[in-house]
Each structure stands twice: as structure tokens, then as C-alpha cells.
Amino acid sequence: KTVEPEFDTFNVENEGTAEAEPIIELTATQKATFAMISNGVEEYNLIGTPADDDVQVVDSRTSVLYENGSTINTWSTATLEMVDNHFIKKIDGTMGTDGAGIRAESYGTGEKLHGPAVFKEISPIQDFEIETTFDIISRREVENFRMGINFLDENMNMLGHIGIKDNSRNYKRRTPLARYGPYRGSGRSNGNLIGDSQKNDQARETTLFYLRAKREGNTFDFYIGEWQSQKHIRSWHERYRDINNEYIGRLKYITLYIASYADRVTPSRLRINSVEVFELTKATVDQTPYIIYPGDVVTFDHTTADILLNGESRKDLKNFGGSFFTLKKGINTLTITPENTFDTVVKYRERFR
């Protein structure tokens, strides 16, 4: 059964003869430092931190660049030095949009990987986060592609890379990619934290990936998740602490590229749905940061004892006292807080009616 309440306090009736495990989906309409569902009998589930009256609420992430294809014509053509030229041998063709994201309108020609690459310059920032979604439809094994984002400092030094590739003519391959620093050869010792060992050679024809690169201080944090049915069915998460401070230059350049191999047929869709860059700041002891933004979806899944934020498992945000409670037999009164912040959907299956 599905309940879509109009108010933050509402009733859910469980007509089964046993307790039921709900799935509560909260879609944010404004920023929040926490999300909580309670049942009025001292049971609740909670992520984040409710802000006390004497504590300042702050944004720890400030968007400094957003692109969904609508202004891709304002980006400049990149050079080979702004991508991984060990792999990309020629920048050619044109980057454009299909109205839903960033696409290669043409790939040009080349004997190996070739295609369009563009870059944008931002005011330099120290701590940052880059988020993007890649939407791929590739139906034939012979298709070979590579798409990604490189990020560079003020002196054009490569800080890192995130992407997806298919480098096989025999499989529908999807290989997630994440690296700190410039390309220095294969292997983890050369900065490749996510790569060939995580490849999937039985990929679905249609695959959607969420990719995130973050650097705070001298610590890099990479996350890639594959979407299916509103959650990440597989994910990869790696961190690296740059103890020698080799890659701590301020971020200034963002490069997007989409490439095809030689004269292979190109996939039906290689699209960067959007890319956003955030400047990160640390909250002080008397500040509480927002963790939820408009459009974010928080899912309290009491059937699997998991908490998702936009499909990503985030039980690390769970409050220690929270629990995955059940719907008791009869009427259950639930309350969502903070008030006037979420659109709510509750799903549950009645048992033994």
C-alpha cells in the first residue's frame, strides 16, 4: 500500500494481523540539517542534526558551477594536456546538448580514442566537491568509449579524474574510474583508486552512474554508484590522504570529454546529464551544516534496515538513538520533521490479512 499524506502528521492504518515494515521516502522542498520520522510512541529514525536555537545553521557547500548542457556553448575547447592524453589521442568533433544533458554532437576522426573535450574556468577554490551523472545506452559489444571529467589547479597541474569506460570489443563493459593526480601508469600505487579491477563485463545496455570527487584538506574522497530502481545497486568508494601535499593546488579548471575509439560505431547515448562543482567549508563547533537540499530524496527503508540519500546508502548519517521501527496493527500516527520541508510517500505491505 502507498500513502501520500498532505500534512506532516498523519495516520497510516495497518489492517494486517502482524506488524509491517515501512519504506518512507522524503523529497526535500527546501534545505534541512536533518530528517526525522517518528511514530509517537518514542520510536523514531533520524539522519543529521537538529539545530539548537543558539546554533547557527550554515551551508557547508556553495555551488560555483552548474552545467546541464544549456550553456555548454560558453565552454572552451580543451587541449590534450587538460585530459588524459595517454588515452585520448585527439580532440575533435563538437560538444553540444540534446536538451537533457551534454552530448557529443560529433566525434571527428582518429585512429584511437578521439572526440570533443571542453573546459570551464572558475575562481580558484581550495576544498571542493564535483558531482555528475552519466547516462549510457550501449547495445553492441563492439562499441568502445570513454567519458569523464578532469580537474586541474591554477597552474594546469592535474588534480584528478572521474569517469566511465568500455575498452572491450567483446563485452558490454562498464569500468568506473577514479584517480588522484595525473596519469602515471596503471595500478593503485599510481593513484588509480577505482579502475580495471572493478569492471563489469555483463553490464545492462542502459546504465546510469552517479560520480563524485571530493577533496578536503589533503584528503581525496571518490564515490561512484550505479543506479537502478532509485538506488545504487553497486558502488565503489575510496579515499586517499596526500600526506606529501603533492596535489593540494586550488581547483581552477574543469574539463569534460566524451570519446569513441577509431572508427567503431558509437553508442546510442553517451550523456553527461549534469555536472556541478561546490566549494566546501567546515562548520565550526557552534554551527550546524545543511545536509539536505531541495530535490534530495531521503529513504528510510525499514525493510532492509538501510537509509538512502539520493539512492546512496548513508547509514553513517543515522542518529545513534534512531531505529527501524515497524507499523503496529491498527492506526499508526506518524510525524515528519522538520515541518513543511518534505513531500512524503509511505509504502508498506500488510501481512497475514
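Valine 275 touches Leu65, Tyr66, Glu67, Ile130, Glu131, Thr132, Ile149 and Leu256, with residues up to four places away in sequence left out of the list, and contact here means heavy atoms within 4.5 Å. The structure is a predicted model, in which local features need pLDDT of at least 70 and side-chain atom pairs count only at pLDDT 80 or more, whereas totals for chains, interfaces and linings use all residues. Residues are numbered from 1 along each chain as its sequence is written, and side-chain values use heavy atoms, with hydrogens and water left out.

Valine 275 belongs to strand S23, residues 269–280, where strands (E, at least two residues) are DSSP runs numbered from the N terminus. Its relative accessible area is 0%, so valine 275 is buried; buried means under 20% relative accessible area, exposed over 50%, and partly exposed in between, with a 1.4 Å probe and protein chains only. The C-alpha atom of valine 275 is separated by 14 Å from that of isoleucine 224, which is 51 residues away along the chain.

The largest nonpolar core has 41 residues, of which Phe151, Phe222, Leu251, Ile254 and Leu256 touch the most other members. A second, separate core of 23 residues includes Leu26, Ala28, Ala35 and Phe300. Such a core is a set of buried Ala, Val, Leu, Ile, Met, Phe, Trp, Tyr and Cys residues joined through side-chain atoms within 4.5 Å.

A salt bridge is counted when a side-chain nitrogen of Lys or Arg lies within 4 Å of a carboxyl oxygen of Asp or Glu, and the count by this rule comes to 28. Three of these pairs are tabulated.

| Aspartate 98 | Arginine 103 | 2.9 Å |

Aspartate 135 is buried at a relative accessible area of 9%, and arginine 271 is buried at 10%, whereas aspartate 98 is partly exposed at 35%.

Aspartate 201, in the loop between strand S18 (192–194) and strand S19 (206–216), pairs with arginine 173, in the loop between strand S16 (158–166) and strand S17 (175–180), 28 residues apart. Aspartate 201 counts as buried at 17% relative accessibility, and arginine 173 is buried at 10%. Through salt bridges that share partners, Asp98, Arg103, Asp135, Arg269 and Arg271 are joined into one network.

Note on methods:
Helix = DSSP H or I, 4+ residues; strand = E, 2+ residues; numbered from the N terminus.
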